[in-house]
Amino acid sequence: MSSWVIRGLRTGLRTTAYPRRPETAAGVSPGLPDDGVYSAETAAAIAARCPSGALAAQDGHLHVDERRCVHAYRCVRQTEEPAGWRSGYEWATAVGDGEPGSSFRRSIHLIVVDAGDCGACLHEVRQLNNPYYNMHRLGFFVTPTPRHADILLVVGPVTDHMRVALQKTYDAMPTPKRVVAVGTCALSGGVFGPSFVSARGVADVLPVDVEVPGQPPPPLAILHGLLVAVGRAAPAASREATR
Amino acid sequence: MTPTDLARDLASRWPREVHERVDARRPLVEVTCPPARLVDVCRYLFVDRAFSFAGLVVEEAGDTFELRYLFHGSRGEPWAHVVVIVPANDPRVPTIVQPVHAADWHEREAEDLFGVIFDGHPRLGDFVLHDDAWQEGVAPMRHRFDARASVVERRPNTDWRPHRVVETPGAFVMPIGPVFAGQAESAHFDLETVGEDVIRALPRLFYKYRGIEKIAEGQPVDRVLLLAERFAATTAFAHGWAYSRAIEQIAGAVVPARAEALRVFIAELERFRHHVGAIHAICESTALVVAASQTAMLEEDLLRVSGALTGHRYLFGLVVPGGLTIDIADDACRAALARCEVVLRALNDVERLLQFSSSFLDRLEEVGIIAEADAREAGLVGPMARASGIARDLRKVLPYAGYDRMTFVVPTEREGDGYARLRVLFAEARQSVALMAQLATLPSGPHAVHVSPRAGAAVGVVEAPRGATFHWVRLEADGRVSRYRVVSPSFVNWLGFHLAVERFAFQDFPIILSTLDLSVAETDR
Amino acid sequence: MSAFGALLTAFVAVCGAGVVLALVLPSRHAARVVAWAGAIAAVVLVVMGATILVGAPAATRLWTLAPVGPLLVGHDALSGVFVLVTGLVLLPASIFTASSLPPLAARYSVRTYAVLFFALTVAIVWILIAADAFSFLVTWELMSVLSYLLVVFEDEVEAHRRAAYLMLAMSEAGFLAVLAGFVLLSAGTGSLAFDAMRGTSNLGAGVRATIFFLTFFGFGVKAGLVPVNVWLPRAYAAAPSAFVPVLAGITLSLGLYGIFRVNADLLPVSSIALGLLALVIGTLSALVGILYATPENDVKVVLAHSSIENAGIITAAMGAGFVFTASARPMLAAVAFLVALYHLVNHSFYKTLLFVGAGVIADRAGTRDLDWLGGLIRRMPWTAAAMLAGVLSIAGLPPFNGFVSEWLTLQTMLRAAELSSTGVKIIFALCGAGLALTAALAVTCFAKVFAMGFLGMTRSSEAEAASEPRASALAPMAMLAALCLLCGVLPTYVIGAIDRAVQPIVHASAAEALVPPFFVGQPGHDALPAAFAAEFHDLGANVGQGVAPGPGLVILHRGGTENPVVFAASPTDLAVMLALLLFVLFVIVRYGVARHRATVRRVCWDGGIRRLLPEMTYTATGFSNPVRVIFQAVYRPTSVEDTRETVARHFRTAIRRPGETVHVLDRLVLRPVRAVMFGIAGQLARIHHGRLNAYMAYALLLLLVLFGVFASL
């Protein structure tokens with residue numbers, strides 16, 4: 001056992017400095033397409049390439065709806081006229097008018113529900129336990145039961161079979177509670193919903209407080225989403241407002 | 001053995017009853033037989049000729065169902081498709097689970113989604129569509145069923161009870177899931193117990209059923225590619241590749257050498273990353289904290305390598321029919337390889353330390369044992385089968401993308417317990433990095449060719465990180481998909497779960513589950 | 001005629017009237033006759049017991065039977081305690097028959113039951129007031145046979161007949177042992193009268209030991225001590241619901257009465273070794289009883305095994321008393337005997353309560369199997385409340401009576417420190433540990449009974465249809481629950497009463513040791529050291545002075561001068577404090593917390609499955625499985641291999657885990673004895689070959705032997 005201890009100590013500190021300083025390592029985020037101004041037909045052509053309807057062209061303005069982006073990269077790859085691309089990961093937006101309130105000031109317990117996720121979003125949520133991200137240092141803990149949970153973190157488009165389970169989890173949580181929807185599927189149904197066995201995302205079932213776009217959102221984006229949910233980080237500037 | 005030989009052999013055994021069609025290019029023998037002969041033909045292929053069962057494809061054609069049982073031989077042997085045609089208004093065929101246990105879940109799924117009755121199957125119903133949420137008789141895979149409309153009329157069976165076999169007084173069912181205590185995928189387990197130890201565990205899956213085979217129907221090829229990549233994203237590249245291979249086969253496209261080499265490089269990167277993740281899950285389930293943290297960091301390192309190399313941490317948007325969406329520079333590949341080798345060195349250190357952690361080994365050895373004979377009958381694939389002594393790897397058996405020109409071994413173990421599966425994961429991780437190293441100099445040329453879809457059907461085959469995956473695609477003349485069938489390794493390997501989990505201590509359950517490395521998303525589709 | 005005589009006459013008259021009414025009235029009224037006449041007789045008994053307890057001992061000659069001498073009825077405070085308890089148990093038990101007998105009326109004659117019941121009642125009382133060996137033995141035998149007839153009342157079931165037959169056989173064997181014991185005892189004194197037997201000191205040590213063995217194990221059969229109790233769980237399970245409360249609450253106590261009467265009163269144990277034997281047998285009985293009670297799922301059988309456990313605890317305390325007597329520590333002996341009798345009284349109350357409850361459950365929920373019960377608290381809340389009182393009592397939790405007597409028992413065990421022999425101390429320490437383990441397992445066992453019976457989800461459709469029973473079942477339970485609470489909250493009064501029975505036997509007052517005069521104004525209060533009184537003032541010594549007159553509400557054992565206080569507690573104060581704390585908590589929650597926050601009721605978290613089904617909750621078997629695994633060495637399950645049935649090789653259709661356990665005593669005692677008996681019978685069968693001339697030769701041979709014997713006299 002001592003060799004494990006020594007190995008652990010020798011590894012040193014690997015944890016990211018985020019949210020104090022931005023994380024700059026390569027490969028921590030896939031980025032997102034960026035709004036931009038093009039000629040009218042170029043914008044329309046770019047928008048038409050998007051398979052999930054995340055891009056909309058209007059008079060040469062290309063608008064990105066991150067909630068629908070599935071990272072197919074068709075707007076930037078195998079094309080002569082690629083759309084703009086932005087890196088970063090602070091994508092989470094607050095929806096609705098709910099304020100977190102004083103109950104969310106100290107340590108926070110999460111319950112994670114997989115509502116039909118493909119594995120990627122859930123995997124990125126799990127990475128938050130990784131020493132690189134270590135959400136414990138920010139006071140976030142995963143709890144085994146919704147009875148102790150402050151935040152419900154949902155991934156996946158909400159399949160028909162998971163609808164009851166998700167609703168029951170939400171009902172079992174004490175108030176005040178916040179719902180964080182993580183990933184494109186949870187926001188818009190992604191490539192799966194709506195269909196005969198899938199909803200159009202969590203908002204079809206529960207009131208969502210924070211949305212984290214991305215397919216999957218990288219761990220730092222989810223961390224940002226959690227900080228937004230408890231009012232400790234500013235949400236990404238709402239696209240609706242700037243438009 | 002050539003396809004013609006196999007065709008002749010079958011014709012001599014069942015003269016005038018079965019009809020063979022030979023496709024020497026694939027190579028493939030398509031055997032059409034009457035339902036009465038189905039079991040005999042399948043037994044002959046599976047038991048006597050030791051063919052592997054790849055899956056069952058049901059296709060609705062007019063007022064008939066065409067049931068296609070896919071078998072493939074070892075290296076140098078052809079595929080055999082056993083085809084049975086039954087009327088859609090009375091679809092009954094005999095079950096083949098007696099000789100081919102591997103077909104169990106395929107038949108249950110076909111019964112649930114198409115309404116095909118498999119005479120003699122001991123457990124039909126309540127499979128994909130849960131009986132306590134849906135009425136009997138909903139057959140969503142039928143053409144007349146609308147994939148995009150939600151089913152309003154629901155008459156669930158309110159008397160639903162868990163299937164129980166333990167008949168000891170005082171036995172009860174301990175339900176676990178679908179919402180778990182950790183961050184596990186949604187699935188439900190009924191553990192039958194009288195307290196202390198679990199006598200039997202029964203999984204109830206398909207909580208995450210997204211119906212991708214149904215919603216793919218009528219969609220263009222590039223749209224279905226999104227589904228193929230995203231239904232099980234931890235092994236997205238392998239599934240996207242298998243789908244692309246099916247399309248390329250239909251279109252008769254030849255993928256450029258550079259694209260094939262890059263695909264192999266990325267597929268092995270994905271396998272390496274997946275195996276490190278699986279090792280991490282095992283360490284975590286045994287509560288070995290330092291090892292879990294170390295492997296978690298290695299996994300994140302590899303996710304970052306993937307992200308830096310391809311733009312996406314899970315390799316989305318990379319593979320397309322005909323090649324890759326982007327070219328990757330040689331030195332970028334070499335840089336990625338160098339980082340992978342650093343990770344591998346750290347992984348080897350972890351393995352060495354684990355071999356001397358007796359508390360860790362105690363919890364893995366002789367836990368969740370799958371015997372070789374059972375594994376063979378259940379048709380298990382991937383590392384799980386290889387830990388039970390079945391050295392079947394599609395990269396060797398049905399070589400593709402130049403794997404036959406590369407040097408690597410297929411690691412196998414005999415014990416079939418949790419520790420054997422862990423050793424296989426470590427050995428395969430080393431093999432993957434060795435394979436990447438062999439691609440240090442990539443062939444030059446284009447990274448993609450244009451593929452124009454045409455009518456036809458083919459099965460795309462890839463050895464995904466969790467094992468063999470088969471994507472059956474049928475295209476219409478307009479380039480739209482009319483049938484998409486995914487046989488994923490986890491779907492097959494859940495049968496192994498039944499073999500591994502009987503009579504165990506309750507606290508061993510998460511450990512057994514982690515060593516089996518079963519993906520729910522891959523199974524539920 | 002004395003008050004005692006009048007009451008006895010009244011009691012016999014009521015019982016006789018009951019018999020006549022049961023025979024005369026239409027049989028549909030028979031159950032009500034049993035209930036009413038039994039209840040009146042019980043009230044008479046209560047008055048009689050109280051009269052005897054406060055009065056002076058006396059013996060009257062009833063009439064003289066030529067060859068054996070005078071038949072005496074007598075009474076002292078010891079009989080008084082038992083008569084009082086018999087009355088208090090008989091009252092609810094009789095009322096309960098009004099609702100527990102009618103279900104049997106369709107198949108069996110309730111009139112017969114009535115006749116047997118009243119005859120048994122008279123026999124029981126007569127045992128307690130018999131003052132000579134002859135009437136004692138005759139009524140004892142009568143009681144044994146009548147008990148057998150009542151146990152086998154539902155005789156259409158084969159298992160009932162077998163169980164009752166085993167009971168009869170073992171009772172008779174016990175009776176013969178007791179008879180032999182009394183023959184030896186009376187041979188030493190030349191008289192059958194108890195008064196004459198008292199104080200015979202001219203018996204040799206060997207004879208005394210023989211008498212102890214014969215009476216201890218002879219009465220031990222009725223009391224349910226190892227190894228002579230194999231009949232008990234079977235018979236209790238077989239007996240009708242109406243009769244089990246009497247069987248457990250009264251006849252079990254009679255066995256202990258016999259042991260106590262002979263070995264403490266008539267011929268006090270003078271050997272430490274014999275006392276230790278009683279102590280060890282008692283501890284073993286307690287352990288074996290609770291070990292087999294815990295994994296059992298039939299409520300009635302759980303209670304039967306737990307009767308063995310309780311008889312063991314009582315016997316262990318009694319054994320401690322024997323040791324203290326033999327070591328010339330009268331004060332400690334008095335405490336030990338008092339504790340034994342206290343626990344005996346308590347056991348009669350709570351065991352009767354629990355058996356009535358078990359009868360109610362069996363009747364209303366259709367089964368006694370805890371695996372198929374559950375959730376009854378929502379369907380029968382009053383029954384649940386009464387059963388909760390019983391369960392808390394038997395598990396030894398305050399503020400109920402079991403706590404006081406079990407706590408005192410363990411404290412008494414610790415008093416062995418005052419003895420000089422190290423070996424004796426070690427045995428006491430081991431037995432104390434055994435009793436502590438018993439107490440812990442009892443909590444597990446009865447947590448299971450209540451949780452699996454009344455809480456959670458209902459696991460069978462019969463139990464789902466359960467509803468509250470009639471008043472004739474609820475009233476007895478309420479009565480007994482109140483008695484359990486009273487004996488737990490006001491122990492100083494119970495100690496005072498029982499002390500009257502113990503004092504004349506050991507010539508020392510336990511009450512003096514245990515209940516000092518704490519209340520100001522009590523005689524002897526001023527003699528208490530002031531600092532001493534002040535120290536225990538806070539323990540609640542003065543609580544309730546205005547409500548409850550008496551010396552005080554504190555139990556306190558006073559040792560010698562160098563060690564003035566050995567142990568102390570005030571269960572009264574404890575009860576008041578518990579109630580106060582609950583009240584304060586209620587006020588805080590109700591007016592402090594709940595005023596600002598809305599109370600929301602949510603269903604139990606089930607992991608998100610669509611519907612939590614009853615088969616998905618813990619069963620009683622699962623709950624007690626850890627105990628079964630830990631004590632595997634005792635239970636020795638015969639098989640642990642699962643059998644599997646499959647179709648098509650891979651599809652499991654059934655997994656069975658066959659396994660039965662044979663009771664450790666059946667394995668070690670009953671089966672060997674039975675094998676020997678059958679062996680002897682097999683040998684004897686050889687001379688039973690049916691030839692007439694041979695039989696005539698046997699008769700002749702016997703005559704010759706008899707002549708020889710008489711000639712030699």
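User: What is the count of salt bridges between chain B and chain A?

Analyst: This is a predicted model, in which local features need pLDDT of at least 70, side-chain atom pairs count only at pLDDT 80 or more, and totals for chains, interfaces and linings use all residues. Residues are numbered from 1 along each chain as written, chains are lettered from A and ligands numbered from 1 in the order written, and side-chain values use heavy atoms, without hydrogens and water. A salt bridge here is a side-chain nitrogen of Lys or Arg within 4 Å of a carboxyl oxygen of Asp or Glu. One joins the side chains of A:E124 and B:R313 at 2.7 Å, N to O; the count between chain B and chain A is four salt bridges.

User: Which element gives the most residues to the side of chain B that touches chain A?

Analyst: Contact means heavy atoms within 4.5 Å, and 77 residues of chain B are in contact with 62 residues of chain A. Helices are DSSP runs of H or I with at least four residues, and strands are runs of E with at least two, numbered from the N terminus. Elements giving two or more residues to this side of chain B are α4 (212-215), α5 (221-230), α8 (289-310) and α9 (330-355). With 14 residues, the one that gives the most is α8(B).

User: What area is buried between chain C and chain A?

Analyst: Buried area is the accessible area (1.4 Å probe) that two parts lose on being put together, summed over both. Nine residues of chain C are in contact with twelve of chain A, and C:R602, C:W605 and C:R610 lose the most area, together 74% of what the chain C side buries. Carbon and sulfur atoms give 52% of the total, which is about 780 Å².

User: Which side chains meet in a salt bridge between chain C and chain A?

Analyst: The count between these two chains is one salt bridge. Its N to O distance is 2.7 Å, and the side chains are those of A:K168 and C:D606.
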